[in-house]
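Work through the exercises below with the sequence and the model side by side. Try each task before reading its solution.

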Amino acid sequence: MIREMRRFDLAQVMMIEDASFKDGHYSKEQMLYELNENPFSTILVMTDDIEEIIGFLIYMVTFNSATIVQIATRPFNRKHGVATKLINEMVKRLTKKYGEIENVTLEVRSSNKIAHQLYLKSGFKDVTIKKKYYDNGDDAIYMMKVLL
């Protein structure tokens with residue numbers, strides 16, 4: 001099941017966040033800001049049969065565009081379609097709620113080949129390389145999926 005994150009999901013989401021990102025991951029305070037205070041942000045979580053969170057996706061909507069800010073899957077559940085389902089649900093919600101969203105963008109580390117392939121399979125296209133985008137100097141591939 002995919003639903004919007006609730007406050008009591010924080011511990012499970014942070015466990016996935018911490019297991020997924022070495023550099024530039026969200027703190028609890030940042031995650032709570034996205035959940036409770038940022039009016040442009042939505043966090044979706046996917047749960048398994050026993051209601052444990054197995055993945056999450058954070059996206060923001062500004063004007064006629066959306067951006068995937070963070071997406072992660074519990075290590076045990078990787079390569080089982082969780083991220084793809086989260087992306088598809090986000091697109092469905094964007095078109096239903098906003099209707100006028102023209103595209104979805106994201107940045108992915110150029111070294112993260114698995115994520116890059118996931119985004120390509122999900123309909124995203126490479127737009128440009130952002131040199132030294134990440135704090136550690138890694139480049140980012142800026143990608144876009146056109147909805148309209």
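This is a predicted model: local features need pLDDT of at least 70, side-chain atom pairs count only at pLDDT 80 or more; totals for chains, interfaces and linings use all residues.

Residues are numbered from 1 along each chain as its sequence is written, and side-chain values use heavy atoms, with hydrogens and water left out.

**Exercise 1.** List the secondary structure elements in order.

Solution. Take helices (H or I, at least four residues) and strands (E, at least two) as DSSP runs, numbered from the N terminus. The chain has four helices and seven strands. Their order along the sequence is β-α-α-β-β-β-α-β-α-β-β.

**Exercise 2.** Compare the radius of gyration of the chain with that of a compact globule.

Solution. The radius is taken over C-alpha atoms, and the globule rule is 2.2 Å times the number of residues to the power 0.38. For 148 residues the rule gives a value near 15 Å; the chain has 15 Å, so the two agree.

**Exercise 3.** Find the buried side of helix α1 (residues 10-20) and its packing partners.

Solution. Buried means under 20% relative accessible area, exposed over 50%, and partly exposed in between (1.4 Å probe, protein chains only). In α1 the buried residues are L10, V13, M14, I16 and E17. They lie on the same side of α1 because their arc around the axis is only 160°, judged by the directions from the helix axis to the C-beta atoms. A11 and M15, on the other side, are exposed. The buried residues of α1 pack against α2 (28-36), β2 (41-47), β3 (53-62) and β4 (65-73), where contact means heavy atoms within 4.5 Å.
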